[in-house]
Amino acid sequence: MKIAIVGPSITRTKGGMATVIRDMLANTASGVEFIHFVSHGEGSASEKISSASRAFLKLLQESDIDVVHIHVASDASFYRKSLFVLQCRVRRIPVVMHVHGADFDTFYNQSGALQKAYIRKIFSQCSKILVLSSFWQTFFRQNITPDNVEVLHNGVYPAAFASCFTTPDNLNRFLFLGRLGQRKGVYDLLKAVEDLKNKHPQTNLRFYLAGDGEIEQVQQLIEAKGLIEQVKVLGWMGDEEKRHWLQQADTMVLPSYNEGLPMSILEAMAGGKIIISSRVGGIPDLVTEGVNGFLITPGDVESLSKHITYVATHPAEMLQMARSNQQKIEADYNLEKLNAWLVAMYHDISQVPTP
């Protein structure tokens, strides 16, 4: 069975979608061949259009494709990928549309009537629509199509992050993993750090910000607020460096305003980290308040500060949470199990017999 993957470069693109595609390409399931058609990399709009055009033509020239698996976000990503859906429809190739956009609901709701009709039409042409959480499944069924919408969680290989576990003994250290900017809540985090410093100047809390995005603006704000001792900007990092910093902190903080299902939280949970995040997107599927982490309303800096303080001062409870997170990833977000489900779904929609 030959599966065509349409999505961003795994070497020139940063973020969760590229990570998911890289993991798919590493799937060694018997009788399945994956071909990656790179639809874009980091760059200008014209470069992305050029990449999408090349991928479109390469897919058109490829024969014997059994399923096309398209990874899509919102806005321009959707419109580029819709052309691949139309090509597959003409060629009668089954399409799986895998939706990653953290703000796809905003994109759809702010579209005009004709745009909404086009969005619904494109998704109706797909054999299967994969979303990252029950939140997104409900949204798609109520607004776009009631049929063929399935939840496929992002996943990780737990063994890859087993070495990140600490007892925990770094409860005063907090790690932010994500693009630095307003959507991920990094400025709310800095405000919380400032409040904690002013209210509890004797505490030794440290915060590490890992990711690309508005690095210069964030660094300037740290200096302006006098938080140089409390906050360190690490920048973007690869897998090995990420695991190193997960060993240095026992808690991951991601106070986002919207999300799909963040790979960074899955990786942190696999490493036995406590999670402080927002009640948005698929995160409530991952984090149960007081059981394996804490959830805040986006923008609630006071609640964020309180949870940071609580984590740092309750070591016995945090150890139980850390172990609970590892168990949850092993049970529900293990890539070996998710890959097996995905391959079975390919066989089902393509009617290619299982070997």
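## Basis of the model

This is a predicted model, in which local features need pLDDT of at least 70 and side-chain atom pairs count only at pLDDT 80 or more, while totals for chains, interfaces and linings use all residues. Residues are numbered from 1 along each chain as its sequence is written, and side-chain values use heavy atoms, with hydrogens and water left out.

## Packing of α3 with α5

Helix α3 (residues 76-91) packs against helix α5 (residues 113-124) at an angle of about 45 degrees, the two axes lying 10 Å apart. Helices here are DSSP runs (H or I, at least four residues) and strands likewise (E, at least two), numbered from the N terminus; axes are lines fitted to C-alpha atoms, for helices over the stretch in contact, and angles run from 0 to 180 degrees between N-to-C directions. The two helices are therefore oblique to each other, given that angles under 35 degrees count as roughly parallel, over 145 as roughly antiparallel, 65 to 115 as roughly perpendicular and the rest as oblique. The crossing of α3 past α5 is left-handed, a term for a near helix turned anticlockwise from the far one by less than a right angle, with right-handed used if the turn is clockwise.

On the α3 side the contact (heavy atoms within 4.5 Å) involves Phe 78, Tyr 79, Ser 82, Val 85 and Leu 86, which meet Gln 115, Tyr 118, Ile 119, Ile 122 and Phe 123 of α5. These residues comprise eight nonpolar, two polar and no charged, where Ala, Val, Leu, Ile, Met, Phe, Trp, Tyr, Cys and Pro count as nonpolar, Asp, Glu, Lys and Arg as charged, and the others, Gly among them, as polar.

## Packing of α7 with α8

The axes of helix α7 (residues 186-199) and helix α8 (residues 215-224) come within 11 Å and cross at roughly 15 degrees, and the pair is therefore roughly parallel. The passage of α7 across α8 is a right-handed crossing.

From α7, Val 186, Tyr 187 and Leu 190 meet Gln 217, Val 218, Leu 221 and Ile 222 of α8. Sorted by class, the residues of this contact are six nonpolar, one polar and no charged.

## The enclosed helix α10

Helix α10 (residues 263-270) has eight of its eight residues buried, so it is largely enclosed by the rest of the structure; buried means under 20% relative accessible area, exposed over 50%, and partly exposed in between (1.4 Å probe, protein chains only). Gly 272, with a positive phi near 75 degrees, follows α10.

## Cysteines without disulfides

A search of the whole structure finds zero disulfides, a disulfide being a pair of cysteine sulfur atoms within 2.5 Å. Cys 88 is in no disulfide, and the nearest cysteine sulfur, that of Cys 126, is 8.9 Å away. Cys 88 is buried at 0% relative accessibility, and Cys 126 is buried as well, at 5% relative accessible area.

## Positive phi in two loops

Most residues other than glycine have a negative phi. Asp 64, however, has a positive phi near 65 degrees; this residue sits in the loop between α2 (45-61) and β3 (67-72) and counts as exposed at 61% relative accessibility.

Asn 148 likewise has a positive phi, near 60 degrees, and is found in the loop between α6 (134-143) and β6 (149-151). With a relative accessible area of 38%, Asn 148 is partly exposed.
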